[in-house]
Structures are given as C-alpha cells and as structure tokens.
Amino acid sequence: FFFFFFFQAEDGIRDVERSRGLGDVYKRQDYNIELPQIAVIGAQSSGKSSVLESIVGRDFLPRGSGIVTRAATVLQLIRTKENNPDEPEDYAIFGHRPGEKFTDFSKVRDEIQAETNRLAGENKGISERPIILRIFSPYLLNLTLIDLPGLTKVPVGSQPQDIDKIVRNMVLDYIRSPNCIVLAVSAANTDIATSDSLHLAREVDPKGDRTFGVLTKLDIMDKGTDALRVLKGKEYPLKLGYVGVVCRSQEDIQNNKSLKNALKAENKFFENSAIYKEVKDRSGIPYLSLQLSKLLNQHILKCLPELKKKIDTQLNERKIELASYGHSISDNPEAGRTYLLSLISDYSKYYRDSVEGSTKVVENNDYKVGARIQIIFQEYYVNDINNLDPFDELADEDIRTAILNAKALNPSLFIPEAAFELLIRQQINRLLVPSLSCALQIHNELRNMAIYCQVAELDRFEKLKDKIMEVVTELLKDCLEPTEQMIRNLIEVELGYINVNHPDVLTGISAVLSMLRGYDENPGVRELTNREEEKIRSPKRINSKATPSFIIEKDTPKEFEERVELGALPEMIRAEGRPSAREALEVKIIKELMLSYFKVVVTRVADIVPKVIVSFLVEKSLSEVHDRLVHKIFTQTGWEKLMEENPLIAEKKANCKNIIAVLKEAQKVINEIRNTKFD
C-alpha cells in the first residue's frame, strides 16, 4: 500500500528535489528570502513526533516527558537510488557535522539530544537556532519538514515562567510566512475546537488556505465517538483538508513495535473500520506523505514567480554592493600602481569638488566645506571684527593718561599725535587674534573634510587612507604657517604706518574741527577751562605732617631739612576724577579720530584676511594636494603595503561574492523546475 503511493508520486519528485536544492542554497547564507516549506506544529502529546517518525520510517526522535523538541529541527528527506553499492541504504547527516554519516538511528536520536542541550541548555530551555538533519533512503519521498517545539502552557523544571509565550512566538515566526504550509497535528480524542495547533494556525491563516490538518489517535477514541465529520471538513473546515493517521502508542514503542508493523496495523485499521470506510483511501501515513509532497510541489510552483523576483532583486543589490568595494587588486604590480594612482586622483578630485561646490557632492542635509568657509568669513569673522568696539577695553582715564604722557614737559596747544598713534595701535593689534583664529578654523574645516572624505573605495585600504590623511594634514599645516605669517605681516603693516590722510579719516578730522570751532565760539567754556587749568597748575598745600617721599641723610644741612614739606608720592600716578573741560574735549576729539581710523582699518582687514586665507591656505592646498600625494605615496617604495585591504572590507567582499554565487545557483534551480512560467 505504501509503495503504491510512493511510485504514484514519482512525477512530482524532481520538482520537489530541485526546490530542496533551492532550500539548500538558501540555508548557506542568512538573507531574507522566504522559501516554501512545511512546518509541523502540535501540542505536547498530540502525536507529532510519531507522525514524523512514521513518515521517515525510522525511530530517531528523542522522547520523554515535558518539552522534548526544544529547537526547530529541519528534516530534509532525500530519496536515493536503490541498490547503490557505494552508499548505505539508509543514513543521516547533520548540518553541524557535515560529511559524517549516521547509519545507526539510535545515535541520530542521541545526537539530536546532545545538540539540543548544546543549543538550548539542559534545563528544558528553547533555542531559536535550528538543527539541520538530512535523511537519505530509497524509500522516502523528497520532502522537507520543520519540526517545531510542542505547544505548552505550564513551565517544567527551571524553564522560564513565560515558556508558553516563548514557544508560541517561535512557532509564529515560522508559520507567519505566506510561503509556509502549516501541518497542524491534533489528537482525535480531544475536542477539535480546543486544538492548540489549529487555533494558532488560524491566527496566521484565518481562511485556512495553507493549513493541512492531521488527526492522530483515531484508534483510541472513546466508544461511541469518531472523527469522521472533522476528517470530512464539516466541523472545522480547511481548504487543504485533513488526513487521519494511526501511529504507535507509547505501549507499542515500549514493546519495540517496528514502524513497518505499525504501518500494516494502520492499514488494517482503516480497512476494517466501518466508520472510516469512506475516507480510507485518503487516510494513513503513506497518503499523508504523498499529499505533503504534492502540496509542497504545488506550493513551490505557486510561490516561484514572486520568489524569482526577490532573488533577482537581491542579486542586483549584491552586485551593486560588490562593485562599491572596488575591483580586486591583481598580482600585477603595474596594475596595482595604476589603481593606486586612480585612487589618489579620485581623492584629489573629491577634495577640490567639496571646496568648489561641484554638483557631484552637493547635498541638502548639511553644508559642504566650501559653503562652511564662506559662512565662517561672512557670518563669523567679518561680523566679529566689525562689532569690535575700540573703546570697550579703553577707558577715558586711559586716554587722558596717554595724552598727558605724550605732552610730558612740553604742554601742547593741540592733541599730541603720539597719543593718538599709541592708542590706535593698541586697538589695531586686537584684530590679530580673530584673524588668526579665522585661519585656524578654515584649516580645521579642510582637515575634517579630508578625514571624512567620501571616496568609498578608500575604506578598503585602511593603511592607504591613514597615509593620505597624514600627507594632507601635513600639507594643510605647511599652508597654514605662511597664511598666519601673512596675516601677522598685514597687521604689522597697519601698525607700521598710520595714514591719517585716508578720505574716511579726513571725514573724522572735519568733525573734530567742528568741535574745535564750537569750543572757540564759547567764551564761557574757554574761561572755565583756563581757570581749571590754572587751578591744576597752582601748587597744592601739602600737609607738613606727611611722610617725606625721600630719606634725609644724616649729613644733610639743617636749613635744607626745614624746607622739606613734600608729601609721599604714589608709585603709580594716572588720570583720575572728573576731567577738566579741556581734558574732556581732548578725549572726545581723540576718540572721534580713533573711531574713524579704526573703521578704515577694520574694513581693510576684513577684506584682505579672507583673501589671504583663500590664497595661501585653500587654493594652495587645492593646487598641491594631488602632486603632494603622488610624491609622498605613489613615487615612494613600499606602496604595496598600503594597498592591503582592510580585513573587515575583505571579509564583507568575500561574503558578498559567496551570496552572489548562492543567488545565481538559486536562479539556476528555479529555472530548472519544470513547467514554470514567469511573467
């Protein structure tokens, strides 16, 4: 009976065999392609393991109380040629022990248990990593089944308290895919409405389009009850229908009842059953195996068009990714040098394009270095020096002191020029620090741009990238030094010659003359000023008790001692108190002149400093970056070491090549499946 169904499935074997080849391809790499598969789910003690062993025809699954299946087991059933002298008749190979053939299936059971403990621990935990098991036999149908942990509700031993949720989520991860056929195993001696497997399957397949029901334990149902209505789809309809099976009981297993005898007993049960007579041709393990093979074959053909599109898309994506890693460096030194020169040229071009605003590097998510330099000039540097107040660090008392020092012993009718030059030079010198800071900031912007250069192929060669950074950093430093010196020279030029004949300064002088005319035309102010100055020039009465400002020697004449009436002279004397009208006028005049001249200098410096920075730093680096890289890298010995690929990039590249090979093989497998047409 079994072999009748087996050979009836012969026509569909090749397609399933090729589809499993696609599965083999898929399992070699971890990428998101949902292949057609059959997932076996069921509650504990539903007979799920017995069904799988009956399909395989071997005792190989661990048994026991509680959760026995604690990791998904991918069963690949592979039909081999009969009477092959070079191969054992039946054997198994584990994915984690490739090349090692297990002919003793009791050892297969032990290895499943050992691998489960290794993956999930020995405390009844659950592992998300699957166990791959291939079983070869001339008596099998080509089929791939995924045995999932049994659904449970109560934790056992040291299992987590939420073990039911863990198992449930794991099962859902497998059966949620629309390319998955759900083989829902339920015990016939329980109410079908309470079936955990059917309830879970309905969550992901509410219409029952891809759920296939299996009813076990038909032979031990209570007297007067049967599962005929369920098998005929009248209680809980499924589009793929139900198959009833009779597997070995626990007593049969303990009595070492063979699976061959169990199949005979199952056949006898359906042949002799008056209740299941009308469904006997659609019941039993052989029919279940045949239907699973057919369903998988049909499901494969249904899913292949979309699957092919996904594989084609991923293949194109991987090819683009591989191209981004650059061409392989051949053993030909000349070819390697040519490639090195092209990388240097690409980097130099990116450097220039980033500064000059080439469309190839224009983005809208952040300013590039060229735009950032312009912003530094206009919105930071120019604004900062234009907002400098020449008097925010210069008090009126300081100006009065400077004027008096310039007059010294020769009181002047006019403001001494030396006081003006001294004070204006102090303020001009304040422009040096922000100008040097601007140059340094531009230097840092260029250096950061060089570090984060977006030449993707350079990521492959970490040593080369580091060397380029070293050379460019050195170049920028070499350009910064003359830039800073030129800025210092510019300030020195302004300090060296105070040109009061500038037209804008003459405007300030005109304002001063207006103030002087106002002073001359006001006799009251002039008289008050004269009186105040006379008072200042008049000797003050000194307290005779004040301490002398010098020591009287012992041999000093007595008559000289009697004339010593000076008070103590402070170590520092500077202008303090309320200024006289003349002093106030002098301060006002000199401030007006300083303000006019300072504006002239600021305008000139704000215009020339950016030009100096661009010429000596930016343009200089742009014009020399390519030649400097060629001189320091390309023409030097030992460049081969710089072209050693970054190990991480090399690994990604090798992995990408492997995936491309796998995807191409998958394409080949798909195209070989007979009667497949694609839009």
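Which residues are buried in α3? Select α3 in the viewer and keep that question in mind. The model on the screen is a predicted one.

**Stop 1**

The buried residues of α3 are Lys-48, Ser-49, Ser-50, Val-51, Leu-52, Glu-53, Ser-54, Ile-55 and Val-56. That makes 9 of the 9 residues of α3, so this helix is largely enclosed by the rest of the structure. Next, select Gly-57, which follows α3 and has a positive phi near 85°.

Now go to the other end of α3 and select Ser-45. This residue sits in the loop that joins β1 (37–42) to α3 (48–56). Is Ser-45 buried or exposed? Its relative accessibility is 64%, and because the cut-off for exposed is over 50%, Ser-45 counts as exposed. The backbone deserves a look here too: phi of Ser-45 is near 65°, which is positive even though the residue is not glycine. Most residues other than glycine have a negative phi.

**Stop 1: Asn-256 and helix α9**

Select Asn-256, in the loop between α8 (250–254) and α9 (259–272). Asn-256 is another residue other than glycine with a positive phi, about 60°. With a relative accessibility of 69%, Asn-256 counts as exposed.

Follow the chain into helix α9 and select Asn-267, which has its place there. Asn-267 is partly exposed, at 27% relative accessibility. How far apart in space are Asn-267 and Ile-285? From C-alpha to C-alpha they are 9.1 Å apart, while in sequence 18 residues separate them.

**Stop 2: α14**

Select residues 417–429, which form helix α14. This helix has 13 residues. From the first C-alpha to the last, α14 reaches 18 Å, close to the 18 Å expected at 1.5 Å a residue.

Colour the buried residues of α14: Ala-419, Phe-420, Leu-423, Ile-424, Gln-427 and Ile-428. They cover an arc of only 160° around the axis, which puts them on the same side of α14. To check this, turn the view until you look down the helix.

**Stop 4**

**Stop 3: cysteines**

How many disulfides does a search of the whole structure find? The search finds 0.

How values were computed:
Residues are numbered from 1 along each chain as its sequence is written. This is a predicted model: local features need pLDDT of at least 70, side-chain atom pairs count only at pLDDT 80 or more; totals for chains, interfaces and linings use all residues. Side-chain values use heavy atoms; hydrogens and water are left out. A disulfide is a pair of cysteine sulfur atoms within 2.5 Å. Helices (H or I, at least four residues) and strands (E, at least two) are DSSP runs, numbered from the N terminus. The expected span of a helix is 1.5 Å times one less than its number of residues. Buried means under 20% relative accessible area, exposed over 50%, partly exposed in between (1.4 Å probe, protein chains only). The arc is that of the directions from the helix axis to the C-beta atoms.
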